[in-house]
Every structure is written in C-alpha cells, then in structure tokens.
Amino acid sequence: MKRFFLAIVIIIMGQTTHAQSNYDILKDKKTGAKVYKGVFTFEDLHAESSFGWLRRGYENYKPDTNDIKYLKKYLPAYSLIAFVGTWCDDTYKMLPRFEKVLMLSAFPLSQYTMFGVDREKKAKNVENILYSIKDVPTIIVFKGHEEIGRIVEIVKISVEDDLVNIIKKDVDATEASKRQEH
C-alpha cells in the first residue's frame with residue numbers, strides 16, 4: 001500500500017511540474033550521448049535532434065494489424081509505465097516500436113508515464129527502486145493499482161504481441177471470474 005501511495009505522489013508530481021522540465025539532461029560517460037533522466041514524453045524525445053533513432057525506428061516498424069485491433073479494444077482499460085535509457089541499444093530498438101503501437105492503438109497518452117534512467121538504472125527520484133527496475137527498457141502494465149505484467153529488455157515475439165498476451169491473460173481471468181459469479 002505504501003508503494004502505491006508513493007507511486008501516486010510521484011506521478012502527480014510529474015504531471016503538476018510538467019511546465020518546468022521534470023528531467024535532467026546528462027552526458028553519458030561511455031559514449032557522450034545525451035541521457036534523459038526523469039519524466040519525459042515522446043514529444044520531448046522527438047524534439048532532440050540526436051535521437052533520430054526514435055523517428056527512424058517508428059517509421060520503419062510495421063506492427064501486426066490483428067494485434068493492433070485487439071489493443072485498440074482493450075488497451076485503454078490499462079495504464080502503462082516505461083523505464084528507458086536514451087543511451088541504451090535495447091531502448092533504441094523497442095521504444096520506437098512501442099510508440100507506434102500506442103499511436104496505432106489510439107492509446108490515451110494521459111495513461112502513460114515514461115521515466116529515463118542512467119546507466120546505473122537510476123531515475124531522477126526513487127522510481128527505479130519503487131518499480132524494481134533492473135534492466136531497460138521495462139514496460140509495466142497496470143490495471144487500476146495492480147501490476148499485471150511487464151516487458152523487460154527484449155520482447156518474446158513483438159511489442160504488440162507481448163502486450164496482447166499480458167492483457168489477454170487479464171481479460172480471460174476477468175471473464176472467467178464473471179462466469180463463476182453467475
């Protein structure tokens with residue numbers, strides 16, 4: 001319960017201070033690349049000219065249309081949190097695909113929060129501890145206050161298929177529970 005309330009406080013802080021930058025821009029010691037640390041949006045990332053990997057990956061990705069149809073129907077009932085590293089090759093691959101899946105699914109971005117972490121997987125505040133982040137990217141799916149699944153570092157099949165599988169388990173369990181009540 002304490003974790004939940006701390007998460008709410010952090011998310012509210014992130015949304016209420018959005019007018020001021022809620023992320024730091026650091027320089028990666030290993031590559032010299034820009035590291036965004038804190039809460040930011042896809043718009044923030046697209047505004048950075050050195051993050052061309054995001055635009056290229058988005059444009060080149062062709063998600064499965066059946067998975068997109070499923071996500072369009074069910075994904076809005078959930079909220080998502082992602083932890084990414086703007087220095088990380090796995091983020092370069094997954095994040096553009098994830099963004100495209102969200103856009104094509106018409107997912108309300110008000111239900112999405114993205115945290116940037118440094119190479120040590122530390123966020124600007126304590127979010128990396130709160131959500132037990134060990135690897136990036138990590139995408140966490142919530143139904144209400146309950147985590148129902150996560151994608152960590154790599155996908156099993158594709159971003160959209162992995163999301164469908166997480167949500168399908170929850171939808172199937174909810175439907176089975178309803179059948180048992182009757």
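**Note on helix H4, helix H7 and their surroundings**

1. The buried residues of H4 contact helix H5 (89-104) and helix H7 (159-181); contact means heavy atoms within 4.5 Å, and buried means under 20% relative accessible area, exposed over 50%, partly exposed in between (1.4 Å probe, protein chains only). Helices (H or I, at least four residues) and strands (E, at least two) are DSSP runs, numbered from the N terminus. The model is predicted: local features need pLDDT of at least 70, side-chain atom pairs count only at pLDDT 80 or more, and totals for chains, interfaces and linings use all residues. Residues are numbered from 1 along each chain as its sequence is written, and side-chain values use heavy atoms, with hydrogens and water left out.

2. H4 covers residues 65-74, and its buried residues are Asp67, Ile68, Tyr70 and Leu71. They lie on the same side of H4 because they cover an arc of only 160 degrees around the axis, taken from the directions from the helix axis to the C-beta atoms. Exposed Thr65, Asn66, Lys69 and Lys73 sit on the face turned away from that buried side.

3. Asp64 caps the N-terminal end of H4, with a side-chain oxygen 3.0 Å from the backbone nitrogen of Asn66.

4. Ser158 is in the loop between E6 and H7. Ser158 counts as buried because its relative accessible area is 12%. Its side chain reaches the backbone nitrogen of Asp161 at 3.1 Å. Not counting residues up to four places away in sequence, Ser158 touches Tyr61 and Asp67.

5. The 23 residues of H7 should span 33 Å at 1.5 Å a residue, and the end C-alpha atoms are 34 Å apart, which agrees; the expected span is 1.5 Å times one less than the number of residues. Buried residues of H7 include Val159, Leu163 and Ile167. The buried residues of H7 pack against H4, H5, strand E5 (138-143) and strand E6 (146-152).

6. E5 and E6 run antiparallel, joined by 6 bridges; two strands pair if DSSP finds at least two bridges between them. Lys143 has Glu146 in E6 as its bridge partner. The hairpin has 2 residues between the strands, and Gly144 takes a positive phi near 65 degrees.

Note on methods
Polar contact = N/O pair within 3.5 Å; in protein donor to acceptor, adjacent residues only side chain to side chain.
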